[in-house]
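This report goes through one structure part by part. Keep the sequence and the 3D view open while reading.

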Amino acid sequence: MSARIPPVLRPEHPSARSLGQLASEFGLEHIGSLDGIEITGVTLSTGDLHPGDLYVGMPGAHRHGAEFAAQAKEGGAVALLTDAKGAEIAQESGLPVILVDSPRAALGDVSAWVYRTTEHMPLLFAVTGTNGKTSTSYLLEGILKQMGLVTGLSSTAERHIGDLTVVSRLTTPEASEMHALLARMRESEVRAVAVEVSAQALSRNRVDGLVFDVAGFTNLSHDHLDDYADMEAYFQAKLPLFQPDRAKRAVISLDSPYGQRVVESARIPLTTIAMTPPVDGSAAADANDVEWTVEVLDERAAYTEFRLSGPEGRSLVTRVPMIGWHMAADAALAIVMMVEAGFELEAIGQALDEDGGIVAYLPGRTERVSGDRGPSVFVDFGHSPDAFLNTLKAVRRFTPGKVIMLFGADGDRDTTKRPEMARVAAAGSDILVITDHHPRFEDPDSIRKTLVDSAREAYPDHELYEVSPPEAAIRKAVELAGEGDSILWAGPGHQDYRDIRGVRTPYSAREEARAALREAGWAE
Ligand SMILES: CC(=O)N[C@H]1[C@@H](OP(=O)(O)OP(=O)(O)OC[C@H]2O[C@@H](n3ccc(=O)[nH]c3=O)[C@H](O)[C@@H]2O)O[C@H](CO)[C@@H](O)[C@@H]1O[C@H](C)C(=O)N[C@@H](C)C(=O)N[C@H](CCC(=O)O)C(=O)O
Ligand SMILES: Nc1ncnc2c1ncn2[C@@H]1O[C@H](COP(=O)(O)OP(=O)(O)OP(=O)(O)O)[C@@H](O)[C@H]1O
């Protein structure tokens, strides 16, 4: 059995637009007559095709999309937009062709035109950075709701339109999907949208055709070096979000050393935010003026209380229902992004006070899945050394006993971060249980070996178990744990499948952890 691929959300009442008008407005060449052809949608995948669509055939890592033009026609596509090579490949399909140099580069503006997403749009917030995009986006959504707005969300975990939720495929959807989603949100009278923007999305034109009202930067640390040659290339990929064609204003966190460089390269009005006292090695430690500061006042198992202080003596004290300073940082970033969008800090403070703090549920983000008895078990989506460092610290604060860290590493993704993940995991835990995550097409034994060897090399005496598969590993971790201990299971977070040789095998770490606790007699 394989897990279901989630659907793409589209407007329910799309308006038809003339293909000839599209070609003339964009000044595009075409092959075959466009007379009388009307389009109601756009897609780059036959899997998501609707009758009346413009099918975009783009060169991919494996195939040229134009190879699927005949299939697209069968499914009801009325025309093909592609490059010269694609036009040649699709000659036999019988579809009229619109020619562009780069289908990927054209997709955003074409989708915006088809779905009219340049008109009457909700407030658009973008969040980027290595860690904290999902958390900040959910927190933004939560606070906007507390302010009484109908909201939308596009995140790694889920897409939300008001109360409607669908599971996500990519962190940031392809541009055609993004514009369809926003058009659907507009139909549902959504007033503000929080969008997670990955580096890959910026490199692959997925947010083209959009200008965000406010863009937020969380931090940058080691990740994604399978996609980018080095940290500098990864960093550079984030910068286009902070230029006038992508965002009107920005809020930049100086909690990582890269924050200051984002400030220096941004060409839009911006403000800065940082923890006080500054995080070790952060840009804030050297900065002369940080406009907004965040101070943790109280840390409890159920919440983190913080003070946000800004220019002109403005300040607010509130709680975020998550553990760790980094959650206060994400929540404060969300609040300042709202202030930059025109909300009054005082009004935000009042709305939050009425509810006793921020109300938000973050699926699989240091999510406590255990009950009142037995060890605390947290399932987290962290898969980078920096995320491990911060979540382990947060879990340690509430753990009188041992901290047991259970994790694996992604196959076919940045292999260079694995040794550091293992070292950080060993440094912050009392016991390590190393297991599998998404092996994809890699050998899971060899992924585990790198993790085990790296942890052993750095900490030869650390208590360490290698257990595969993860279903057995969580049971081992529970067996090792007692009352007062904590288990942090990092990696799977909210996900409901494992990718094993390209097949999405249904699996939920949260459910497995609950089952393991039940079997051990710690839960009903
Ligand atoms: C490496 C990468 O970015 N791949 C993306 C790419 O796939 P591809 O180039 O392999 O596509 P392909 O198989 O060669 O096919 C070429 C074209 O033919 C189309 N096609 C193909 C087969 C078919 O039957 N019908 C059909 O229409 C495909 O939709 C595609 O447009 O084009 C696909 C269609 O849009 C994307 O879904 C796919 O993202 C994959 C799933 C992916 O995992 N991307 C990762 C790297 C990613 O973007 N991650 C970021 C970061 C997450 C984070 O922060 O951790 C994200 O934003 O999610
Ligand atoms: N501001 C922060 N600084 C450092 N770590 C953080 C911060 N916010 C969240 N984290 C940790 O980073 C991990 C990922 O969190 P989250 O899912 O919010 O980030 P993300 O940027 O969406 O990640 P991804 O790109 O993988 O989707 C979790 O372990 C979380 O606890």
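## A buried arginine

Arg418 is buried, because 20 other C-beta atoms lie within 10 Å of its own, and 20 or more is the count that a buried residue needs. The model is predicted. Arg418 belongs to helix 13, which covers residues 418-428.

Which residues is Arg418 in contact with, leaving aside its neighbours within four places in sequence? They are Ala409, Thr450, Leu451 and Ser454. Leu140 is 278 residues away from Arg418 along the chain, and the C-alpha atoms of these two residues are separated by 31 Å.

## The domains

The domain assignment divides the chain into domain 1 (17-115), domain 2 (123-354) and domain 3 (367-519). Between the C-alpha centres of domain 2 and domain 3 there are 27 Å.

Domain 2 and domain 3 also touch: 15 residues of domain 2 are in contact with 17 residues of domain 3. On the side of domain 2 that touches domain 3, the residues fall into 4 nonpolar, 8 polar and 3 charged.

## Two strands with parallel pairing

Strand 5 (residues 53-57) pairs with strand 6 in the parallel sense, and the pairing runs over 4 bridges. Within strand 6, Leu81 is the bridge partner of Val56.

How do the residues of strand 6 (residues 79-82) point, and are they buried or exposed? Ala79 and Leu81 point one way, Leu80 and Thr82 point the other way, and all are buried.

## An open sheet and its helices

Another part to look at is an open sheet of 6 strands, in the order 19-20-24-21-22-23, with mixed pairing. Which strands form the edges? The edge strands are strand 19 (367-368) and strand 23 (463-466), each of which pairs on one side only. Strand 21 (residues 403-407) and strand 22 (residues 431-434) are joined by 4 bridges in the parallel sense. In strand 22, Ile434 is the bridge partner of Phe407.

Helix 14 (residues 444-458) packs on this sheet and touches strand 22 and strand 23. The direction of helix 14 makes about 170 degrees with that of strand 23. Helix 15 (residues 470-480) packs on the sheet too, touching strand 21, strand 22, strand 23 and strand 24 (486-490). The direction of helix 15 makes about 175 degrees with that of strand 21.

## Around ligand 1

There are 18 residues around ligand 1, and those that come nearest are Ser45, Gly60, Gly65, Leu170 and Thr171. By class, this shell has 6 nonpolar, 10 polar and 2 charged residues.

From which domains does the shell around ligand 1 draw at least three residues each? Domain 1 (17-115) and domain 2 (123-354) each provide at least three.

## Around ligand 2

Ligand 2 is surrounded by 23 residues, of which Gly132, Lys133, Thr134, Ser135 and Gly382 are the closest. Helix 5 (133-146), helix 10 (325-340) and helix 12 (385-397) are the elements that give two or more residues to this shell. Helix 12 gives the most, with 4 residues.

The shell around ligand 2 divides into 3 nonpolar, 14 polar and 6 charged residues. At least three residues of this shell come from domain 2 (123-354), and at least three come from domain 3 (367-519).

Technical notes. Residues numbered from 1 in each chain as written. Chains lettered and ligands numbered in written order. Predicted model: local features only at pLDDT ≥ 70, side-chain atom pairs only at ≥ 80, totals over all residues. Near = placed C-beta within 6 Å. Nonpolar A, V, L, I, M, F, W, Y, C, P; charged D, E, K, R; others polar. Domains from an automatic or database assignment. Pairing = 2+ DSSP bridges. Contact = placed C-beta atoms within 7 Å. Axes fitted to C-alpha atoms, helices over the stretch in contact; angles between N-to-C directions. Buried ≥ 20, exposed ≤ 12 C-beta atoms within 10 Å, placed from the backbone.
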